[in-house]
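Below is a short report on one protein chain. Look over the sequence and the model before reading on.

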Amino acid sequence: MAAADVLISSSAFGEGFPNVVAEAMACEVPAIVTDVGDSAHIIQNTGIVVPPGSPQALAEGLNQIIKEGKGHLKQRGRAARVRIEKEFSLARAGQNFIQTWQGLL
């Protein structure tokens with residue numbers, strides 16, 4: 001995964017939390033995703049979100065990443081890693097579970 005320049009997730013339906021997107025981001029690989037399940041929430045502004053079922057939109061997203069250049073790609077990748085560390089770490093997940101359970105008490 002760390003050898004990739006960009007991850008493309010072209011799901012059309014049925015995604016909850018696509019681990020592959022988070023795994024790529026943890027490796028500083030930005031993602032181009034379809035707006036299915038939690039994909040857009042996961043990447044926020046670190047990658048590109050396109051409508052599902054549109055190969056043209058995926059191609060345009062990839063062209064945008066290419067035109068931005070390697071420097072910007074590296075910035076996107078670093079931002080992706082920071083987002084995963086901040087929002088989706090095991091520590092954060094534990095905090096969320098505790099807050100949920102406390103809210104139910």
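How much space lies in the largest pocket?

## The largest pocket

The largest pocket holds about 190 Å³ of space. That value comes from a predicted model.

The lining draws on several stretches of the chain. Ala2, Ala3, Ala4 and Asp5 contribute to the lining. So do Cys27, Glu28, Val29 and Pro30. Lys70, Leu73 and Lys74 complete the list. By class, 7 of these lining residues are nonpolar and 4 are charged. No polar residue takes part in the lining.

## Overall layout

The chain has 4 helices and 3 strands. Along the sequence they follow the pattern β-α-β-α-β-α-α. The C-alpha trace spans about 50 × 30 × 20 Å along its principal axes.

The chain has 105 residues, and 30% of them count as buried. Among contacts with a separation of 6 or more, 51% are between residues 24 or more positions apart.

Strand 1 and strand 2 (residues 31-34) run parallel and are joined by 3 bridges. Across this pair, Ser9 stands opposite Val33 of strand 2.

Which residues point which way from strand 2? Ala31 and Val33 point one way. Ile32 and Thr34 point the other way. All four residues, Ala31, Ile32, Val33 and Thr34, are buried.

## Where helix 1 meets helix 3

At what angle do helix 1 and helix 3 pack? The angle is about 115°, and the axes are 7 Å apart. Helix 1 supplies Ala22, Met25 and Ala26 to the contact. Helix 3 supplies Gly77, Ala80, Arg81, Arg83 and Ile84. By class, the contact has 5 nonpolar, 1 polar and 2 charged residues.

Val82 lies in helix 3. Is Val82 buried, exposed or partly exposed? Its relative accessibility is 39%, so Val82 counts as partly exposed; the partly exposed class lies between under 20% for buried and over 50% for exposed. Val82 and Thr46 are 36 residues apart in sequence. In space, their C-alpha atoms are 9.7 Å apart.

Gln95 sits in helix 4 (residues 90-104). With 46% relative accessibility, Gln95 also counts as partly exposed. Gln95 and Pro52 are 43 residues apart along the chain. Their C-alpha atoms are separated by 32 Å.

Note on methods. Residues are numbered from 1 along each chain as its sequence is written. This is a predicted model: local features need pLDDT of at least 70, side-chain atom pairs count only at pLDDT 80 or more; totals for chains, interfaces and linings use all residues. Side-chain values use heavy atoms; hydrogens and water are left out. On a 1 Å grid over the protein atoms alone, a cavity is a set of points where a 1.4 Å probe fits but cannot get out, and a pocket is an open set with protein on both sides within 12 Å along at least five of seven lines; lining residues have an atom within 4 Å of a point. Grid points are joined across faces, edges and corners, and a volume is the space filled by probe spheres set on the points. Ala, Val, Leu, Ile, Met, Phe, Trp, Tyr, Cys and Pro count as nonpolar, Asp, Glu, Lys and Arg as charged, and the others, Gly among them, as polar. Two strands pair if DSSP finds at least two bridges between them. Helices (H or I, at least four residues) and strands (E, at least two) are DSSP runs, numbered from the N terminus. Axes are lines fitted to C-alpha atoms, for helices over the stretch in contact, and angles run from 0 to 180 degrees between N-to-C directions. Contact means heavy atoms within 4.5 Å. Buried means under 20% relative accessible area, exposed over 50%, partly exposed in between (1.4 Å probe, protein chains only).
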